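Work through the exercises below with the model open.

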Amino acid sequence: MEGVLVEEPMPGYLQLFFSSCSVMRDAYRNCKDCGIKLSIQTLLDHAHLTPTEILLFFLFVVMWTSLRWALTYHLFMPFAQWCRLHPKDVVKMPESAWKLVFYTVSWSYCTYLLFFCNYGFFHNPSSVFYNWKSGMQVPMDIAFAYLIQGSFYGHSIYATIYMDAWRKDSAVMLLHHFITLALIAFSYAFRFHNIGLLVLFLHDINDILLEFTKLNVYFKIRGGKSHVINDVLSSVGFVGFGITWFCFRLYWFPLKVLYASYVTSLQSVPNIPFYFFFNALLFALLLMNIYWFLFIVQMVVKVLTGQMKGINDVREYEENEFQKSLEAESHSSGHQRSGEGKHTRNGINRKHQ
């Protein structure tokens, strides 16, 4: 499908809200797949995933996990030790390095598809539903993007529990990975792949800037000395991160993606399957974007009021906060060793902090 090159006028927030409410009310009245039995039948009629695609998904999940493990212990961690980072940063640096590499590559590929392959979905989001048909063929280049991204989020679910540092928002992050994976699988199976591509493009840029900023925070202190260049780069990265978060996730995402999915989708496909479920996933993603934006605002306030010197991840547990969290967890479960082991698996050796 070739994209439409004409720029589609964007709605405002109020137009999005009132139009969505009106369209959803009418859609609910005319719903033809509501109810468990009808939903199951609609799922069987319109969902298309082959055994080969499912097998490839699990193979790529294993591949990402193995690749991350190899890079962590044979490249990232030795490099962090060679740079003489603080022991706690040596442990956390590989996670950010791995994510920075992946998101840079994946976002670059999504950018290539959207702006260099005649797909006009960004400029005309409504076109993502033009000529939609159940079981339509997914272009190979977009199918490859779905395989890469879907398997990575499958890996991320495992990594959040067993490999990543445990943070204040880790439970929300885990839910985010499940919802994003469901959104990717649903978009692909029901052939809403074009709008899924937009979602991935609008979200990955922020992860690039986040991990870039965190890496510079880790590299500020090397060999016991403070390095100004990394302090400056972390500040620049954070400013870029905050700006792009608002533009991509809180402006373009709702006004381009949600408006197309909530409103214009029914204009192109009046009986589009699983309309409410698909839009519920997108709305949940928006709520999480707002939740994490509050962390950005919190950091800005702390810096401006002098509560924090320089850029730091306010989602990270401080030492005393971690001890209280661990004690509360151990007290409630009655298994202190289990609690300590969990946080050690998550990539933080607290004894060295």
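**Exercise 1.** Find the volume of the largest cavity and the residues that line it.

Step 1. The largest cavity in this predicted model has a volume of about 70 Å³. A cavity is a set of points, on a 1 Å grid over the protein atoms alone, where a 1.4 Å probe fits but cannot get out. Its volume is the space filled by probe spheres set on the points, which are joined across faces, edges and corners.

Step 2. Lining residues have an atom within 4 Å of a point. Among them are Tyr153, His176, His203, Asp204, Asp207 and Arg249.

Step 3. Two elements, α6 (170-189) and α7 (193-218), each give two or more residues to this lining. Helices are DSSP runs (H or I, at least four residues), numbered from the N terminus. The largest share, 5 residues, comes from α7.

Step 4. By class, the lining has 6 nonpolar, 3 polar and 3 charged residues. Ala, Val, Leu, Ile, Met, Phe, Trp, Tyr, Cys and Pro count as nonpolar, Asp, Glu, Lys and Arg as charged, and the others, Gly among them, as polar.

Residues are numbered from 1 along each chain as its sequence is written. In this predicted model, local features need pLDDT of at least 70, side-chain atom pairs count only at pLDDT 80 or more, totals for chains, interfaces and linings use all residues, and side-chain values use heavy atoms, with hydrogens and water left out.

**Exercise 2.** Describe the lining of the second largest cavity by class.

Step 1. The second largest cavity has a volume of about 60 Å³.

Step 2. Its lining includes Glu8, Pro9, Lys256 and Tyr259.

Step 3. The classes are 7 nonpolar, 1 polar and 2 charged residues.

Note on methods: 1 Å grid on protein atoms, 1.4 Å probe; cavity = no way out; pocket = protein on both sides within 12 Å on 5 of 7 lines; lining within 4 Å.
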